[in-house]
Structures are given as structure tokens and as C-alpha cells.
Amino acid sequence: MTTYENPVLNADWSDPDVVRVGDDFYLTASSFGRAPGLPLLHSRDLVNWTLVGHALERLEPEEEFAAPRHDGGVWAPSIRHHDDRFWIFWGDPDQGIFQVNAPEIRGPWTRPHLLKAGKGLIDPCPLWDDETGDAYLVHAWAKSRSGVKNRLTGHRMHPDGTSLLDEGKVIVDGDRIPGWFTLEGPKLYRHDGWFWILAPAGGVATGWQGAFRSRGFFGPYEERIVLEQKDTDVNGPHQGGWVRTPAGEDWFLHFQQRGAYGRVVHLQPMRWADGGTSHSSGAESGGGWPVLGDEGAPVAVHRRPALPAQPPAAPATDDDFPAGRYGRQWQWTANPGAGWATQHSGDGLRLTCVRSADAADLRKLANVLTQRLPGTPSVVEVDLRLDSTEPGARAGLAVLGDAFCWIGLERVADGTVRLVHRFAEAAADRERDAGAPRPAPEGRARLRIEAGAGARCRFSYDTGDGPRPSGPVFAATPWRWVGALLGLFAVAPEGPGHAGAATFTRFRITPLQSLRSPSEKKRADV
């Protein structure tokens, strides 16, 4: 195992940033409107990562996230370690710039502190200058909220991270750089006597990674493109963080937008070199520039970082729900309500059938428990028992995005349970049948989604008489900024009283190829 393959995180870990503390590397990513938010990943080799927790238990203000806001909430966080504490700064495009901090990566984390209020303030990154003791903050702008984009604003910050010391100044104006647009996602560093801003431009699907440098924080800055697609298959390689190993090697983690799979994470080698040309607005030239990947092109396979070998690892997906508890890989689509998932003495996730006027549209439900859709062809399976006796109560396994599709069980008016398979297109305001309802006399089913190439999903079920396919292929779709999600839910129509519950057991995600016979694999390759 002398090499690694990209992506190193093959799922929607959007807008990653990374920091090293001793021999440990920590990564966080955007979590948008899901709770808990701000995922925390750990690695010892930059290749194998595990999810160790979240820094944000609930989104604030609480009332703003009582219902799903799939493209709002936590955008593009930065993680740093300063004064023996971990710090995470992020922008909420509708609220402003927040920060939380903690003495250890597993917490306890402070409640969110609003550092700068305003619309369209996104992608903040702090810097504590060890040479001078000064602190700074840079952020970008979301045109959808502020009418402004393609520029970076800088502030002096109080060293305790609680306030800004000035009104801010535009320190990089992308409109003044020929060919640059949608400049965003800045990460701020001090290196070799320069202030460095690593920031992407050009849009998430086809953009590039830029590097900016200046002798003074407020500029003027000169810039250079340091990573772009070139003749590779990696579209829009950009927006991420630089980290240096204890041995002095430099590496850069960034995302690639992959449609329904969201933003998967790549690891690029990084070195410093002189030469080349850059646009300069009166800035001082000279010195080295970062070179990312293979001379500025993303690598698919590369030598591993010179770090101690680690066993293969990845963020958890499977779950047996011991004592009714769900693993840290799960997030609700909004701040959770009390009693949505109840603990008990056995195994299995017991979800309350939450009453809702929006039961026919999963996109509007806060009580959907989700995890990321894998970026490789996979089979998703879970066992379901519908315990509720409430007519109209239903529960199931879903693929959730701008459009959604689910398969599960529903209690009907005569007291029986049926297997149902439903979907809604992006423009539809409610679901309709994707397959004919069928009896489920035991009130149980094994539900299965085969998510193939291009996130094309085939649904099937087993109610006790063997597996059966259901409905046509469903092509998973992302939201505007968020990849498609897998979800478990239980819901009931509006009405008085408790509507009962549903129990999920043995949730599994398995690589698709490993489940096929040799003849099936051969047919799939044709």
C-alpha cells in the first residue's frame, strides 16, 4: 500500500477544511441545514478517515431550522487550532458568520457565537499571526443574499475570536482579474513572510483553484491558478485546505462536484516552486508559489504521504441501532424534536410516526434521518416493521434530493399493511405511486435499493416470499448545493394523539460488485 487513489472520501463531504494537531489530522465540512452539523473527521495518514463526532448539536437560531432548509445553514467552515483550542468558523448566508470552539475535538463545543451579522456573508477563515499576535478574518459573498460576489473581504479580528475590529475592506476583487468569476471559499495562511489566500473561482462544476499572496494582509495581492482540470476526469477541482505533515510534506484536500453524489474529497500533493507568471496589481513579486497535483493537474493515483501506515478506514455507514441509538453517521433534516427516536432494551431504531400535514412530501419533513449516498455503486438494505395501527401511518427507506423516491410500509383503513413505493419529481408538490401497492401481511419487509452507476436506483423488497423488484429506475438528484441523501422516516397524517412507531433493524451498505455473481458482473461490464 504505497499509493492511494482519489477520491479519499467518496461521498458528499462538501467544502472540506483540514488542520493538523501533533500527529493527528482533523477535517470538517459543510452540513447545511442538517443536525447535528459540522462533522468532525480524523485521520493519521490523510487517506483513511473516520467520523468522530459533530461540533454543532443544533442549528441556531432554533426557530429558523425547525423545518428543513436543505441549502441553508452551515456553509464552508474553516477549522483551526489556536491557544490550545479547536476553532471552527462558518457562514450562514441568511444570518452571518459564526464560530464555535472546544478544548478537544470531541468537545465540549461552545454554543454558536455570531461574529458578524449580515446577509450573504459566507466562507469565513481566521488567521492568528504567531509573529505579531494579530488576528484576521477573510470571507466571501453570496450574491443570492447580498447582490455581491467575486470578492473577498478582510477584517482585523480580536485575538479571542469574539469580535471584529473594523468594518472590513475588499482585499481581493475578482472583477479586476481578467477571466475570474465566482471567487469564493478562501483559506488564509501565513508562510515564508507572505499572507496567503487559497481560494477557488469559476464555479463548483468547472472552476479552478487559485492562490493569492501579499506582504500585508490588506494587500495588494497577486494571484495564480494552481490547480485545474486540464486533461483529467476531475472537473472543477477546488476549494479546500492546505496541511503540512510533521515531516514537512505539504498536501491539499479539495472537492470535486459529482452530481447526485455531491462533493467528493481528493488529496493532492503540494510543493513550492519559483518561476512562472502571475497577474499583479502593484504587488511585490518574487519567491515561491504552491504547485498542486501533477504540475497543476489533479492526480488519480499517487504515492502516499510519508506517515505511519494505518489500517484501511472510512466513515461508518452500517448500523444495528443498539438499544435504539443511531450512529454518528446519521443527521436529521432539521433540528430534531423530542421523542422522534426512542431508546429501548433491544436493538433497532424505533422512529415515532410524527404527524404532519406534509406527509406526502418528504422534502418538507424535519423527521427524516439521513446519511450520505455513497459515491460508488452500492446496495442499501434495511429491515422494517410497522408497529403503528394508525390508518395512513407509513415508514420507509428513501433516496432524497430535489426529487425523491421511497419504498416502505403503510397502514390502510381496514387495518392491514401494504408495501408501497412512491416518488415525486422535482417540480411536484406531492408524491405518487412508482409501483403497485402489494400486501404485507406480517407488517414487515426487507427494503433494498441498488444504487448503480450514475446514481440510478433500483428498488426491491421482500415481505416474506422472496425478493421482488418494484417500479422503474429512479435517477437520484441533488439539491442545489447538497448531494442526494439516504433516509429513514416514519410519518402519519394530521390528527389527535400518538400515532405509534416503526422499527428499523440491520441497516447495511455493501459495494454492489461484491454482491454479484461472476455472470452478473460480466453482464454489467458489457
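Visitor: Before we start, what does buried mean here?
Guide: Buried means under 20% relative accessible area, and please keep in mind that this is a predicted model.

Visitor: OK, so how many residues of strand β28 are buried?
Guide: Five of the five residues in β28, which covers residues 368–372, are buried, so the strand is largely enclosed by the rest of the structure.

Visitor: Which sense does β28 take with β24, and over how many bridges?
Guide: Strand β24, at residues 331–332, pairs with β28 in the antiparallel sense, and two bridges hold that pairing; within β28, T370 is the bridge partner of Q331.

Visitor: And how many bridges join β28 to β37?
Guide: Five bridges join β28 to β37, which spans residues 485–492, and these two strands run antiparallel.

Visitor: Changing topic, what is the order of the open sheet of four strands?
Guide: The order is β10-β11-β12-β13, and the pairing in this open sheet is antiparallel.

Visitor: Which strands stand at its edges, and what does that leave?
Guide: The edges are β10 (121–128) and β13 (169–173), and each has a single partner strand, so one side of each is left without a neighbour in the sheet. From one strand to the next, the twist averages 25 degrees.

Visitor: How many bridges does β13 share with β12?
Guide: Four bridges pair β13 with β12, residues 151–157, in the antiparallel sense, and in β13 the bridge partner of T153 is V170.

Definitions and conventions:
Residues are numbered from 1 along each chain as its sequence is written. This is a predicted model: local features need pLDDT of at least 70, side-chain atom pairs count only at pLDDT 80 or more; totals for chains, interfaces and linings use all residues. Side-chain values use heavy atoms; hydrogens and water are left out. Buried means under 20% relative accessible area, exposed over 50%, partly exposed in between (1.4 Å probe, protein chains only). Two strands pair if DSSP finds at least two bridges between them. Axes are lines fitted to C-alpha atoms, for helices over the stretch in contact, and angles run from 0 to 180 degrees between N-to-C directions.
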